[in-house]
Amino acid sequence: MNDFAGKTVLVTGGSRGIGRACVLEFARRGAVVALTYYPGNEAEAQEVGQLVGANASIWPLDVVDTKACTQLVEEVVKKHERLDVLVNNAGIAIDGLVMRFRDEDWDAVLDTNLRGAFALCRAATRPMLRQRSGAIVNLASVVGEMGNAGQTAYSASKAGLIGLTKSLARELASRSIRVNAVAPGFIDTEMTAKLPAETKEKMVASIALGRLGKVEDIARAVVFLAGEGASYITGEVLKVNGGMYM
Ligand code: NAI
């Protein structure tokens, strides 16, 4: 399928996990993909770039640096001449009970997951307004919808991202720019690999489909929301959680 031929897609944190799967799925469907990697992860980003070939460009970016986010979007548009899709995938989780949670950890989670996405949305809006078309997909989380003990900062950042998604969807709808979110459940990535086996078993028991999600399960949902098949969908939060939360 070549439904993204002629389109430029920007994926943050595209060197591994869900971001990597999104890069590969967009590329498979004909898009030119600009992928960003956290400074230090260049080797894994290069590997993804090689899999995509000539249709990939690779950029270092720390999304906490809002000026760098603006500059990155400008440079991507300069290189590829347009920006059709932005996927705000870069994110971190720092867990802990509120009583002992440190200010700096709260700031790191909110600055990465929420402020970074805001800065990139703001920057991407400019070329998309010029084109009078575009799609933004934000990676939220099931815990942004249902909450989770020990994940107050992470849940707050993802709930914030859902609010951002819905407000921006209203702001940009008249210019044919759609803004949606995917809320993954528990997905088998480095983020969840760190969890103890017992926690994982409990998680799986709470999932109706009886397994953790795969990165490809999420990538397909992201690509769907970014594409023509979702042309009448905006401000939506698509649950991709195996029936863990309905
Ligand atoms: P991951 O840890 O494998 O990948 C996250 C990516 O973000 C990495 O490439 C990392 O380098 C990048 N990143 C982190 N901080 C950054 C920064 N300051 N600037 C730029 N890039 C940065 O995680 P995974 O699982 O692939 O997660 C991707 C997204 O999906 C995240 O937003 C995460 O919160 C969300 N998500 C993941 C779930 C899971 O079960 N794995 C569940 C729900 C949501």
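Modeller: Let us start with one residue. At 15% relative accessibility, Thr189 counts as buried.

Colleague: Why is Thr189 called buried?

Modeller: Buried means under 20% relative accessible area, exposed means over 50%, and partly exposed lies in between, with a 1.4 Å probe and protein chains only. Thr189 has 15%, so Thr189 is buried. This is a predicted model: local features need pLDDT of at least 70, side-chain atom pairs count only at pLDDT 80 or more, and totals for chains, interfaces and linings use all residues. Residues are numbered from 1 along each chain as its sequence is written, and side-chain values use heavy atoms, without hydrogens and water.

Colleague: Where is Thr189 found, and what is in contact with Thr189?

Modeller: Thr189 is in the loop between strand 6 (177–184) and helix 7. Helices (H or I, at least four residues) and strands (E, at least two) are DSSP runs, numbered from the N terminus. Leaving aside neighbours within four places in sequence, Thr189 is in contact with Gly17, Ile18 and Val215. Contact means heavy atoms within 4.5 Å.

Colleague: What makes Ala181 buried?

Modeller: Its relative accessibility is 0%, so Ala181 counts as buried. Ala181 sits in strand 6. Not counting residues up to four places away in sequence, Ala181 touches Asn138, Ala140, Thr165, Leu225, Glu236, Val237 and Leu238. Ala181 and Leu161 are 20 residues apart along the chain, with their C-alpha atoms separated by 8.2 Å.

Colleague: Which label does Thr125 get, buried or exposed?

Modeller: Buried, because its relative accessible area is 13%. Thr125 lies in helix 4. From Thr125 to Met146 is 21 residues in sequence and 30 Å in space, C-alpha to C-alpha.

Colleague: What makes Ala43 exposed?

Modeller: Ala43 has 63% relative accessibility, so Ala43 counts as exposed. Its place is helix 2 (residues 42–52). Ala43 and Ser15 are 28 residues apart along the chain, and 8.7 Å separates their C-alpha atoms.

Colleague: Why is Gly163 called partly exposed?

Modeller: Its relative accessible area is 31%, so Gly163 is partly exposed. Gly163 belongs to helix 6. Gly235 is 72 residues from Gly163 in sequence, and 9.2 Å away in space, C-alpha to C-alpha.

Colleague: What is the phi of Glu81?

Modeller: Near 70°, a positive value in a residue other than glycine. Glu81 lies in the loop between helix 3 (66–80) and strand 4 (85–88). Glu81 has a relative accessible area of 70%, so Glu81 is exposed. Arg132 is not a glycine either, yet has a positive phi of about 60°. Arg132 is in the loop between helix 4 (103–131) and strand 5 (134–139).

Colleague: Now the ligand. How many residues surround the ligand, and which are the closest?

Modeller: There are 27, and the closest are Arg16, Asn89, Tyr154, Ile187 and Thr189. A residue is near a molecule if one of its heavy atoms lies within 4 Å. The shell divides into 13 nonpolar, 11 polar and 3 charged residues. Ala, Val, Leu, Ile, Met, Phe, Trp, Tyr, Cys and Pro count as nonpolar, Asp, Glu, Lys and Arg as charged, and the others, Gly among them, as polar.

Colleague: What lies 2.5 Å from an oxygen atom of the ligand?

Modeller: A polar side-chain atom of Tyr154. The protein covers 95% of the 830 Å² of accessible area that the ligand has on its own. Helix 1 (17–28), helix 6 (152–172) and helix 7 (190–193) are the elements that give two or more residues to the shell.

Colleague: How do you know that the protein agrees with a compact globule?

Modeller: With 246 residues, a compact globule would have a radius of gyration near 18 Å, and the protein has 17 Å, so the values agree. The radius is taken over C-alpha atoms, and the globule rule is 2.2 Å times the number of residues to the power 0.38. The C-alpha trace spans about 50 × 40 × 35 Å along its principal axes.

Colleague: How many helices and strands are there?

Modeller: The protein has 9 helices and 7 strands. Buried residues make up 48% of its 246 residues.

Notes:
A polar contact is a pair of N or O atoms within 3.5 Å; within protein, one must be able to donate a hydrogen and the other to accept it, and residues adjacent in sequence count only if both atoms are side-chain atoms. Accessible areas come from the Shrake-Rupley method with a 1.4 Å probe; for residues, only the protein chains shown count as cover.
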